[in-house]
Amino acid sequence: LSITTVLSFSGCDLVEKTPEAQQKTVVAKVNKEKITKGEFDKKYNMQIGQIEAMYGVKVDGNAQVKDYVEKMKPQILDNMVTETVALQKANELKVVPEDKELNEEVDKKYKETETKLGGAEKFNEFLKSMNVEPDYYKGMIKNSIIFDKLYEKITSDVVVTDTDITNYYHTNIYDFTEKPNKMTVSHILCKTEDEAKKVADEINKGMKFEDAAKKYSKDPSVAQNNGNLGEIYYSNKANPNQYDQQFLNGAINAELNKVTEPVKSSYGYHLILVTKRETYPEKSLDSVKKDIETELTQTKKDEKFKGELKGWRDKSKITKHEDRL
C-alpha cells in the first residue's frame, strides 16, 4: 500500500523533481534526439534578455510583457525542433566541417563579434545582458555555420534566367523608377459591389466624398481620416503600410480627381479617389538587371530551402511536450 501511494504521488507530480532533474526533463524529441528543459530554458532566457534590452522593461515586473513571453514558449520550442531537424540533415548529408576547421571558424567569428562590440569586457557585459553564457553563444555560432553549409548545399543549383529577370522587371516596373511614384488617395470601403454603386450615385448627385466616407465607409480608420489615406507609393515596397495589391492597382489606374468604379479587394469593394500624382521615368532594364538577378536568386534559394526543410520535418518523428515548458 505504501509503495502504491508513493508511485501515485510521483505520477501526479506531487513529489517535486530536483532542479537538476527538471533540467534533464525531455520537452521534445526529434527522431532519436532529445531536447531537454535545460536546453529550452537557455533559449527562452535569451529571448527574455533580448526583449528586456529592446524595450527597457523587466519581464518579471510587467504582467503584460510576462504573459506575452509565456505565450512565446511553444513557438520557441517549435523553432528548436526545426533547428534540430536541419542539423540532423546536415550530418546526414556530410556538410558539417571537421572539428578542427569548425572550431577555428567559431573562434574567428566569436573574436570578430567581440572586437565589433569594443573588446572582451564589453562583449561579456553584452552577453550577460542577453542572459547568454559565452559557451552557449559559441554553440550558436557553430550551429549557424553548419546551417549555412547546409543552405549552400541545397541551393547550389538555383539558377535565374534572363527571362526571369525580364518578367520580374515588367511585372514590378514601379520598383524601378528614378524616384518612387506616389499619389494622394482617399477611399470608401463597402461590403458589397451594390452598396458601393449606391454610394457612388450619391457622390455623383453632389455628396462630398469625405462626407460619404464618414457615413458609409467600413474602414475603421475613417473616424480619424475621413477616408483620406494620404500619400501612397505605387510600389508596395516603398509603403510603410502594405496595401492589398488589387486596391493599389485600382488607385494606380484611377483617373485623377474622378471616383472609380467599385474596385474589389480582399477587404470588400472600394470607391477610390486620387487627387494628386507624382510620377518619374523608369530605369532601364540593363541598369537594374544585376540587382534583380541578386534579389531573384536569393528569393529562389530561400523558397527552395524552405520547401526542403518542411519536407525533412514532415518526414521526421517529432514529439513535443509543451506542458513541460
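These legends describe close-up views of a predicted model.

**View 1. The largest pocket and its lining.** The largest pocket holds about 630 Å³ of space. Its lining is made up of 24 residues, and Lys43, Glu83, Leu87, Gly139 and Asn143 are the ones that lie nearest the centre. By residue class, the lining divides into 10 nonpolar, 7 polar and 7 charged residues.

**View 2. Elements around the largest pocket.** At least two lining residues come from each of β2 (33-36), α3 (37-55), α4 (63-92) and α7 (134-155). α7 supplies the largest share, with 9 residues.

View 3. Side chains of opposite charge can pair when their charged atoms come close. Here lysine 43 and glutamate 83 form a salt bridge, with 3.7 Å between the closest N and O atoms. The pair links distant parts of the chain, since lysine 43 belongs to helix α3 and glutamate 83 to helix α4, 40 residues apart. Both residues are also among those nearest the centre of the largest pocket. In the whole structure, a search finds 22 salt bridges.

**View 4. Helix α4 along its length.** The helix α4 has 30 residues and spans 44 Å from its first C-alpha to its last, close to the 44 Å expected at 1.5 Å a residue. A kink of about 35° lies at lysine 73, shortly before proline 74.

**View 5. The two ends of α4.** At the start of α4, a side-chain oxygen of asparagine 62 comes to within 3.1 Å of the backbone nitrogen of glutamine 64. Lysine 94, which follows α4, has a positive phi, near 60°.

Technical notes: Residues are numbered from 1 along each chain as its sequence is written. This is a predicted model: local features need pLDDT of at least 70, side-chain atom pairs count only at pLDDT 80 or more; totals for chains, interfaces and linings use all residues. Side-chain values use heavy atoms; hydrogens and water are left out. On a 1 Å grid over the protein atoms alone, a cavity is a set of points where a 1.4 Å probe fits but cannot get out, and a pocket is an open set with protein on both sides within 12 Å along at least five of seven lines; lining residues have an atom within 4 Å of a point. Grid points are joined across faces, edges and corners, and a volume is the space filled by probe spheres set on the points. Helices (H or I, at least four residues) and strands (E, at least two) are DSSP runs, numbered from the N terminus. Ala, Val, Leu, Ile, Met, Phe, Trp, Tyr, Cys and Pro count as nonpolar, Asp, Glu, Lys and Arg as charged, and the others, Gly among them, as polar. The expected span of a helix is 1.5 Å times one less than its number of residues. The bend at a residue is the angle between axes fitted to the seven residues ending there and the seven starting there. A polar contact is a pair of N or O atoms within 3.5 Å; within protein, one must be able to donate a hydrogen and the other to accept it, and residues adjacent in sequence count only if both atoms are side-chain atoms. A salt bridge is a side-chain nitrogen of Lys or Arg within 4 Å of a carboxyl oxygen of Asp or Glu.
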